[in-house]
Amino acid sequence: MAVLVVADNDNAHLRDATHKTVTAALKISGDVDVLVLGSGAKGVADQAAKIAGVRKVLLAESDALGHGIAEAQADAVLALAGNYDAILVPATSGGKNFAPRVAAKLDVAPISDIVEVVSADTFTRPIYAGNALETVQSSDAKKVITVRPTAFAAAAEGGSASVETVGGADATTRFVSEEMVKSDRPELAAAKIVVSGGRAMGSAEEFQRVIEPLADKLGAAVGASRAAVDAGYAPNDYQVGQTGKVVAPALYVAIGISGAIQHLAGMKDSKVIVAINKDADAPIFQVADFGLVADYKTAVPELMDALTAAGK
Amino acid sequence: MKVLVPVKRVIDYNVKARVKADQTGVDLANVKMSMNPFCEIAVEEAVRLKEKGVATEVVIVSIGPAQAQETIRTALAMGGDRGILITSDADLEPLAVAKLLAAVVAEENPNLVLMGKQAIDGDNNAVGQMLSALLGWPQATYASAVDISGSTAKVTREVDGGLQTLDVDLPAVVTADLRLNEPRYASLPNIMKAKKKEIASKAVADYGVDVAPRLKVLKVTEPAKRSAGIKVETAADLVSKLNTAGVL
C-alpha cells in the first residue's frame, strides 16, 4: 500500500500540519510520499524531504498551484492518484477546499477531519460539533482523507528523501488578490498556548488592550469566539470553533467567553483549559480545569502581575 | 439568471447532540430540528441577489425525510420561489448528495449553485466541492462576499491567515461562510404566502443515481469527558496551579 500526503505550505514554508498528516499516513502504511503543490516551492520540497519516514517528495508547480486554486490542486493530485491507495490531506482551509474534489472525481466517499487511524480502512472522526465520535469503515478501493492536525503528533525530522518534479496544473478560476492578517505571534493552530477573548471585551480596542499583552507575555497565539469576531473585535482568522480553527494547545485561556457548543468544538481537546468569566454559571466552567470567577477587567491585570511575580 | 440553493434539515444548533446508548448513532427522536445555519446564509444571499435584480428565480432543493418540506417552506418564506423535495429516509453520504444535486442541476440548468460550507451534523464540508467537481464547474468555497457582474463572480473567501479573492466564470458553485450575511427572519405574511408556493415531490429513484453507502458506520461514541476542574480564588493562585501543571 502506498499513501500520498499533500503538504500544507505557502510556497516558502512547509507548515507543521504536514508533519502531523505524515504521522497519520505512517499509521496506514510505511510507504509515504509527500506532494508539494506550489510555485517557486523547491525550498518547501527540500523541507518535506527531511521529514522522517518519507519515501520521496514530489514537487508540482504552476501559477494556479501557487495561489491554492482548488481546481488545479485537485487535477495535480488526480494525475498521481493511480499510484496510491490513500491520499491524505491536512484538514486546513486549503486542504478541505480541494480534497473533496479529488474524491468526487475518483468516485469515492471522502472521510473528513479524522482524529484516529484505527486500521488501513477504518477511521474515527468527530461529528455534531465534536459531541460524538464516528468510527467508519471505507469500502472504497482508494481513500481520500483529510486529517485533523491537532489529533496527531508531528513526525520527526531526520529523513533524507529524494525530490522529484512532476507536472503542474492550471485552472480557469483566476486569483485576484489576498489580504493576510500580519502577526508576529505563533500560528494559532500550532501554538502551545492560546489566549482567547469573547464578547465581554465590548470593543476591538478593549480586545487589543486586554488580550494581546497577555498573549505576548505568555508567548501565546490570540484566538477569539465567534461573538467577538462577528462584533468586529477580532479578525475572522482568529475564530476558534466548529467553523473556525480547531486548536489543542497545552494551555487554552478563555477570557469573557461563555462556552457555546460551537466554541467548545474548537478547543475542548486542549491539555489545560483556564476560564476567566464573571458569570459563575457560564458553560465554559464545565470544561475548564481551572476557573476564576471574576471580571476580566480586574482579573487580567492581576494575572499579568502574578505572571511577572512568577518570573514570566 | 437562475440560482439553485440546496438546504439541509439538521439538529438545531443550540441542541447538544446525545449519543445513543447502543452506539448506533445520535438520538434525534424528539429533538428540535432546523435549517442548517450555513444553508440559511446561502438562501439569504440568493434572495438578496434576486432583490438586486441579478437573479430572476431562486429554486430551493432539499434531500431528506418528508419533514424536510418544512425546511423548504422556511426557505420559501425567506424569498425562495419554488422548491424541490427529494424524499429519502436514509442518511445519504456527501457523495450521494452531490450526485443527486448534479442530476437536479442537469434538469434545472441554474447559473449558480449557492450552498452552505458545511452541515453542522456531519461536519463534512464536502458536498459543494464534490458537486462542482462532478459538474466540471469552478468552485468558490467559504465565501464572505459575492459580487456578480455579467458571466463572472468575484468571490472573497475566508482562508487560514486571512482573505482571498477569486474570479470564477459562471456557472459555478459557491459555498457560504458565516460572514457572508445575516439571514432575515421570515415574516408572518411571507410564511403564509410560502404555503402557496410549489414544492415538487421527487424520490431518489427518479434520478437513477447510485446512492449506495461507501462508508459503514461501525460505532458512534461519546468523546472522552474532561475531568471536573476546580475554581481558584485569585490570579496568583491560578499562576501557581498552572506552574504545577507544567503548562507555563
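# Notebook: the contact of chain A and chain B

I began with the contact, which takes 84 residues from chain A and 76 residues from chain B. I note at once that this is a predicted model. I then looked up the area: about 6700 Å² is buried between chain A and chain B. Carbon and sulfur atoms give 54% of that area.

**Confidence.** I checked the scores before going on. The predictor gives the complex an ipTM of 0.95, and the pTM is 0.95. For chain B I read an average pLDDT of 96. In that chain, 100% of the residues score at least 70.

**Polar contacts and make-up.** I found 48 residue pairs in polar contact between chain A and chain B, with both residues at pLDDT 80 or more. Next I asked which element gives the most to the side of chain A that touches chain B. It is helix α5 (residues 93–106) of chain A, with 8 residues. I also sorted that side of chain A by class: 41 residues are nonpolar, 22 are polar and 21 are charged.

**Salt bridges.** I counted 34 salt bridges over all chains. How many lie across the interface of chain A and chain B? The rule finds 7 there. I looked at two of these pairs in detail. D107(A) forms a salt bridge with K99(B). Their closest N and O atoms are 2.7 Å apart. D140(A) and R214(B) also meet through their side chains in a salt bridge, at 2.8 Å from N to O. This pair crosses between chains and joins two loops. D140(A) sits in the loop between β8 and β9 (143–147) of chain A. R214(B) sits in the loop between β11 (199–203) and β12 of chain B.

Strand β8 (residues 132–138) of chain A is joined to strand β12 (residues 215–221) of chain B by 6 bridges. Do they run parallel or antiparallel? They run antiparallel. I looked up one position: T135(A) stands opposite K219(B) in β12(B).

I then followed β16 of chain A, residues 290–293. Within chain A, 4 bridges join it to strand β15 (residues 272–277), and the two run parallel. Here A275(A) stands opposite G291(A) in β16(A). β16(A) also pairs with strand β13 (residues 230–232) of chain B, in the parallel sense, over 3 bridges. For L292(A), I read V232(B) in β13(B) as the bridge partner.

I checked two loops. Where is the cis peptide bond? It runs from L170(B) to P171(B), with omega near 0°. P171(B) is in the loop between β9 (162–169) and β10 (172–176) of chain B. D123(B) has a positive phi of about 50°, although it is not a glycine. I place D123(B) in the loop between β6 (112–116) and α4 (127–135) of chain B.

Definitions and conventions. Residues numbered from 1 in each chain as written. Chains lettered and ligands numbered in written order. Heavy atoms only, no water. Contact = heavy atoms within 4.5 Å. Buried area = accessible area lost by both parts, 1.4 Å probe. Salt bridge = Lys/Arg side-chain N within 4 Å of Asp/Glu carboxyl O. Polar contact = N/O pair within 3.5 Å; in protein donor to acceptor, adjacent residues only side chain to side chain. Nonpolar A, V, L, I, M, F, W, Y, C, P; charged D, E, K, R; others polar. Pairing = 2+ DSSP bridges. pLDDT = per-residue confidence, 0-100.
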